[in-house]
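Student: Could we go through this protein together? I would like to start with one residue and then look at the whole chain.
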Amino acid sequence: MDEILSSLPTPLRIGTTEIYWLSGGTFRLDGGTMFGPVPKTLWEKRYPAAVDNTILLVNDPLLIRTPEQNILVDSGLGNKLTPKQHAIFASSEWLLVSQLAQLGIKRQDIDVVILTHADFDHAGGVVMAAEQGGEEVSFPSAVHLMQETEWQDVAAPSRRAKESYWPINFNALIKSGAMQLVQGTYQVCPEVRICHTGGHTRGHQLVEISSGGECAVHLGDLLPTHAHINPLWVMAYDNFPLEVIACKERYFKQYRQQNAWFTFYHDPLMRACKLGGKGKITECWPQAVCPSTAS
Ligand SMILES: [Zn+2]
């Protein structure tokens, strides 16, 4: 059994905001695909591969609690996977609703859902299987924010995008009218801002959290785990890998100057870190996981 971080316990505090990680389900992906051009002899030191070459990854949305709002960043795998899909991905259960309840939050209390992009591992929990059958919007009071270019590609996916933009994840949301498309940069609330990046997908976006002079940035699938800090460590899933490299170089420089936390969605070993020169990790969240070998 692989070790993974538990979700919830203590939030990462950014000024007056709190960031929790919720269990959106684990899955196993081919390690070679996760690390694209990187030789296995290098990546398997960080993420040991099983005999079938897969590695364990989490799909853990961030819950950002500002003084005024509950904001989710992405939504995990959801509860609509077929038995065959569960078997293919060796995926675990989606626990978002029960974990929100542990924090005293009902799914109706989520004010905003930010989708970094529309891949099924990020958007799978936006629409859930309803108890009475059929599907319903998981967070019915929330506005759902996505970049307009990402939505264009969901509506008319390329041959490749069809594999990960699943209509079942969006049909009920479209009917509900709860989708809000944005272009470029958009201020969600005083503490949270989203910004178009491209790179992983055409309409991928980042999330910046700023409060009380502190900052955290969520780079989504531009930085899926702490092992991807080397700008050249891109994924075979990246649609525009040269853009991903340029984005990482630009955002690392920009946010290091703010001493920002870089937060992760797919990393089973670390939730967030701060970076020093040459991509060296200087601080980790939770603190206990700081690997002496990480760089
Ligand atoms: Zn992903």
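Student: Which residues does Trp94 touch, leaving out those up to four places away in sequence?
Tutor: This is a predicted model. In it, Trp94 touches Gly24, Gly25, Gly76, Leu77, Gly78, Asn79 and Gly125, with residues up to four places away in sequence not counted.

Student: Where is Trp94 placed?
Tutor: Trp94 is in the loop between α3 (83–89) and α4 (96–102).

Student: Is Trp94 buried or exposed, then?
Tutor: Trp94 is buried, because 25 other C-beta atoms lie within 10 Å, and a residue counts as buried at 20 or more.

Student: And what separates Trp94 from Arg202?
Tutor: Their C-alpha atoms are separated by 27 Å, and the two residues are 108 residues apart along the chain.

Student: Let me change topic to α8. How many residues does it have, and what is its reach?
Tutor: Helix α8 covers residues 241–256, which is 16 residues. From its first C-alpha to its last it reaches 22 Å, close to the 22 Å expected at 1.5 Å a residue.

Student: Which residues of α8 are buried?
Tutor: Val244, Cys247, Lys248, Tyr251 and Tyr255 are buried in α8. They cover an arc of only 105° around the axis, so they are on the same side of α8.

Student: What covers those buried residues?
Tutor: The cover includes β15 (214–218) and β16 (261–263).

Student: And which exposed residues are on the face turned away from the buried side?
Tutor: That face of α8 carries the exposed residues Leu242, Glu249, Arg250 and Lys253.

Student: Now the whole chain, please. How many helices and strands does it have?
Tutor: The protein chain has eight helices and 18 strands. Its radius of gyration is 18 Å, close to the 19 Å that the globule rule gives for 295 residues, so the chain is as compact as a globular protein of that length. Along its principal axes, the C-alpha trace spans about 50 × 45 × 35 Å.

Student: How much of the chain is buried?
Tutor: Of its 295 residues, 44% count as buried.

Student: Which residues touch the most other members of the largest nonpolar core?
Tutor: They are Val113, Ile114 and Phe262, in a core of 79 residues. As background, nonpolar side chains tend to be buried together in soluble globular proteins.

Student: What does Ile114 touch, again without residues up to four places away in sequence?
Tutor: Ile114 touches Ile71, Val73, Leu145, Val188, Ile194 and Val207 on that count.

Technical notes: Residues numbered from 1 in each chain as written. Predicted model: local features only at pLDDT ≥ 70, side-chain atom pairs only at ≥ 80, totals over all residues. Helix = DSSP H or I, 4+ residues; strand = E, 2+ residues; numbered from the N terminus. Expected span 1.5 Å × (residues − 1). Buried ≥ 20, exposed ≤ 12 C-beta atoms within 10 Å, placed from the backbone. Arc of directions from axis to C-beta. Contact = placed C-beta atoms within 7 Å. Rg over C-alpha atoms; globule rule 2.2 N^0.38 Å. Core = buried A, V, L, I, M, F, W, Y, C linked by C-beta atoms within 7 Å.
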